[in-house]
Amino acid sequence: MPAGELRYTESSSEVEGEAWVWAQIKAEARRDAEAEPALASYLYSTILSHSSLKRSLSFHLGNKLCSSTLLSTLLYDLFLNTFSSDPSLLAAAVADLRAARERDPACVSFSHCLLNYKGFLACQAHRVAHKLWIESRRPLALALHSRIADVFAVDIHPAARIGKGVLFDHATGVVVGETAVIGNNVSILHHVTLGGTGKAGGDRHPKIGDGVLIGASATILGNVKIGEGAKIGAGSVVLIDVPARTTAVGNPARLVGGKERPSKLEDVPGESMDHTSFISEWSDYII
């Protein structure tokens, strides 16, 4: 185990929660600052100088999303006050950190995710924008939404509802519409669209169940339901409901195993990140 790294166990996750993750992040930052002096000042200002995860995250988001007219100090206060007033937002951030660490083999540490994963950062900033939206502070919510899209190339309408333990992997080009709902423990790859079908208003965007995996460049349009534990293959176009624990692939998407008796998944794809196990049932095409 590398110096400065704490051991992760399921019991520590349950009992210590945010405090354990924050201790891990600080240990990783100290280790990295010693190993790479060029990053020492950066790591001190973003992590080691702060007394809590919510302060570190607020500082980092403020600096990422600021502009010449939207100052980092204003954003820091906005993020910190919002995280402080609603503990569920920080609990969701901790669940998202764990999701990235557990599901993405490229995620080498919690601090790496906190500092560098734009999908994680965009999601946490969106949670604050959503809080502003439901409090009827909509001009500020929309301004924050615009900055998130500009900086992270992730476009999530502030009215969209997102659960916890969510991984936006790579995240570039993700679009989530106004009335979309994303459940818990969902994993979404880059260039995914959860969109509407035209200019009609009302409830018009997809509802994504818990544990769903949506592959890169998949497009899901309309007020359709993706059932719990379902898998949407990369590049698929989904226009109708997808039953729970099934796999939909293609353009237009079809269920692996057929509509009448679709193959049922045993694992939770949003957590296992298994993108291709359906191939043997789907096609005999071999390169």
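This is a predicted model: local features need pLDDT of at least 70, side-chain atom pairs count only at pLDDT 80 or more; totals for chains, interfaces and linings use all residues.
Helix 3 covers residues 53–65 and helix 4 covers residues 72–85; their axes come within 8 Å and cross at roughly 145 degrees. The crossing of helix 3 and helix 4 is right-handed. On the helix 3 side, the residues in contact include Leu 57, Phe 59, Leu 61 and Leu 65, while the helix 4 side brings in, among them, Leu 75, Tyr 76, Phe 79, Leu 80 and Phe 83. Some other residues take part too: Lys 54, Arg 55, Ser 58, Gly 62 and Asn 63 belong to helix 3, and Ser 72 and Ser 84 belong to helix 4. Sorted by class, the contact of helix 3 with helix 4 is made of nine nonpolar, five polar and two charged residues.

Next come the aromatic rings. The structure has two aromatic pairs. One of them joins Trp 20 and Phe 110, with 5.8 Å from centre to centre and 90 degrees between the planes, an edge-to-face arrangement. This pair ties together distant parts of the chain: Trp 20 sits in helix 1 (residues 10–35) and Phe 110 in helix 6 (residues 110–116), 90 residues apart. Trp 20 and Phe 110 are both buried. Phe 79 and Phe 83 also pair up, and here the ring centres are 6.5 Å apart with the planes at 20 degrees, so this pair counts as stacked; the cut-off for stacking is under 30 degrees. Phe 79 and Phe 83 are about one helical turn apart, because four residues separate them in helix 4. Phe 79 has 0% relative accessibility, so it counts as buried. Phe 83 is buried as well, with a relative accessible area of 2%.

Now for a residue in a loop. Ser 109 lies in the loop between helix 5 (87–103) and helix 6. With a relative accessible area of 2%, Ser 109 is buried; the cut-off here is under 20%. Leaving aside residues up to four places away in sequence, Ser 109 touches Glu 28, Arg 31 and Arg 101. Ser 109 and Leu 97 are twelve residues apart in sequence, and their C-alpha atoms are 9.3 Å apart in space.

Thr 193 has Thr 219 in strand 10 as its bridge partner.

Another open sheet has six strands, ordered 3-6-9-12-14-15, and its pairing is mixed. Strand 3 (167–168) and strand 15 (254–255) stand at the edges of this sheet, and each has a single partner strand, so one side of each lacks a neighbour in the sheet. Strand 12 (residues 231–232) and strand 14 (residues 247–249) run parallel, with two bridges joining them.

Terms used: Residues are numbered from 1 along each chain as its sequence is written. Side-chain values use heavy atoms; hydrogens and water are left out. Two strands pair if DSSP finds at least two bridges between them. Axes are lines fitted to C-alpha atoms, for helices over the stretch in contact, and angles run from 0 to 180 degrees between N-to-C directions. A crossing is left-handed if the near helix is turned anticlockwise from the far one by less than a right angle, and right-handed if clockwise. Contact means heavy atoms within 4.5 Å. Ala, Val, Leu, Ile, Met, Phe, Trp, Tyr, Cys and Pro count as nonpolar, Asp, Glu, Lys and Arg as charged, and the others, Gly among them, as polar. Rings of Phe, Tyr and Trp (its six-membered ring) pair if their centres lie within 6.5 Å; planes under 30 degrees apart count as stacked, over 60 as edge-to-face and the rest as tilted. Buried means under 20% relative accessible area, exposed over 50%, partly exposed in between (1.4 Å probe, protein chains only).
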